[in-house]
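Here is my note for your first look at this protein. Keep the 3D view open as you read.

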Amino acid sequence: MRIGFIGLGNMATAIIGGLLAQGIVEPGDVIGSAKTAATRERRAAELGIEVTADNAAVARAADVLVLAVKPVFFPEVIAEARDAVRDETLVVSIAAGLTVEVIEGLFGRPVRLVRCMPNTPALVGAGCTAVCPGPRATADDEALVLRLMGACGTASVIPERLMDAASAVAGSSPAFVFMFVEALADGGVAAGMPRAQALEFAAQAVMGSAKLALETGRHPGELKDMVCSPGGTTIEGVAALEAGAFRAAVMEAVAACVEKAQRL
Ligand SMILES: NC(=O)C1=CN([C@@H]2O[C@H](COP(=O)(O)OP(=O)(O)OC[C@H]3O[C@@H](n4cnc5c(N)ncnc54)[C@H](OP(=O)(O)O)[C@@H]3O)[C@@H](O)[C@H]2O)C=CC1
Ligand SMILES: O=C(O)[C@@H]1CCC=N1
């Protein structure tokens, strides 16, 4: 099975890196295209994959064709690739906001299409991918995408009406988490910690907290309460976050992402 990627940016690279690290594919199984020679050369060197400037060549070579350019470039890359997409080619879109109907409209004919919303932790096998099979995708197509993306973390089928929400909560949220990690570390540095140590402690605490929530299944409020000793230090920090409208800011960030996806 050959997997083709049109677009070799941040997300495609995270998926390819994850698939290679998990041993799901070999570098020779992957072909990709990018706009600039600089990106093509960098990805070929980093990942050992075949690269080309020719999007149609990627579509011709691929059993699974992943469309991994920004939504605004979908019309032009699909125009270049569509004649090379065969009836048996499985097309996977990872674009935010673009519905199955819109993508099929760009192909001008029915295609076997699965929409996915992955995130960059796929690179280290800890991704979270929402999967939405289009009407012409078969049960085998769905199973294949779940197997591929599941190898890079978790992968779950969701209805298309929830894809914009999943795009925010899974796709975009790593950016918010990294901002939080950076801010935690800044606070540690302000209190005298060396930068590298503060970053390591902050990232490890975030990872451990996520693991605790996932593995215990306990409500995050209960887990928060377990940290707040009566009259202790943590509740002072919780009060400071509430004064800064921390949770409202996070909810507004999710809503802003959803709104933007609906406009794409
Ligand atoms: N980044 C993320 O965390 C996530 C992104 N996504 C989705 O993934 C898609 C890609 O996003 P992201 O990886 O962040 O974007 P990037 O900007 O990092 O990468 C886009 C890639 O597309 C290439 N490209 C642009 N035009 C063409 C073209 N005409 N033919 C071939 N390749 C082209 C670019 O090439 P070059 O480098 O040469 O300019 C680049 O390699 C988007 O649709 C986004 O919604 C989904 C989930 C998470
Ligand atoms: O910012 C974006 O548009 C993409 C989609 C989800 C994460 N990154």
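1. Start with a caution. This is a predicted model. Every value here is computed from that model.

2. Look at strand S2, residues 30–33. Both of its faces are covered. Val30 and Gly32 lie on one side, and Ile31 and Ser33 lie on the other. All four are buried.

3. Which strands pair with S2 in the parallel sense? One is strand S1, residues 3–6, over 4 bridges. Here Ile6 has Ser33 of S2 as its bridge partner. Another is strand S3, residues 50–52, over 3 bridges. There Ile31 is partnered by Glu50 of S3.

4. Now trace the chain between these strands. S1, helix H1 (residues 10–21) and S2 form a β-α-β unit, and it is right-handed. S2, helix H2 (residues 37–47) and S3 form a right-handed β-α-β unit as well.

5. Move on to strand S7, residues 127–133. It is mostly covered, with 5 of its 7 residues buried. Strand S6 (residues 112–117) runs antiparallel to S7, and 4 bridges join the two. Cys116 stands opposite Val131 of S7.

6. How do S7 and strand S8 run, parallel or antiparallel? They run parallel, joined by 5 bridges, with S8 spanning residues 153–157. Gly127 has Gly153 in S8 as its bridge partner. From S7 the chain passes through helix H6 (residues 139–150) to reach S8, and this β-α-β crossover is right-handed.

7. Next, find ligand 2. Around it are Ala96, Ser167, Gly171 and Ser172. Alone, ligand 2 exposes 250 Å², and the protein buries 44% of that. The space that ligand 2 takes is the second largest pocket.

8. Check Ala205 in helix H8, residues 195–216. Why does Ala205 count as partly exposed? Its relative accessibility is 41%, and the partly exposed class runs between the buried limit of 20% and the exposed limit of 50%. Leu184 is 21 residues away from Ala205 along the chain, yet their C-alpha atoms are separated by 9.9 Å.

9. Finish with Ala245. This residue sits in the loop between helix H10 (234–243) and helix H11 (246–263). Its phi is positive, at about 55 degrees, although Ala245 is not a glycine. Ala245 is partly exposed because its relative accessible area is 37%.

Notes
Residues are numbered from 1 along each chain as its sequence is written. Chains are lettered from A and ligands numbered from 1 in the order in which they are written. This is a predicted model: local features need pLDDT of at least 70, side-chain atom pairs count only at pLDDT 80 or more; totals for chains, interfaces and linings use all residues. Side-chain values use heavy atoms; hydrogens and water are left out. Buried means under 20% relative accessible area, exposed over 50%, partly exposed in between (1.4 Å probe, protein chains only). Two strands pair if DSSP finds at least two bridges between them. A crossover is right-handed if, with the strands pointing away from the viewer, the path from the first strand over the helix to the second runs clockwise. A residue is near a molecule or strand if one of its heavy atoms lies within 4 Å of it. Accessible areas come from the Shrake-Rupley method with a 1.4 Å probe; for residues, only the protein chains shown count as cover. On a 1 Å grid over the protein atoms alone, a cavity is a set of points where a 1.4 Å probe fits but cannot get out, and a pocket is an open set with protein on both sides within 12 Å along at least five of seven lines; lining residues have an atom within 4 Å of a point. A molecule sits in a cavity or pocket if more than half of its atoms lie within 2 Å of its grid points.
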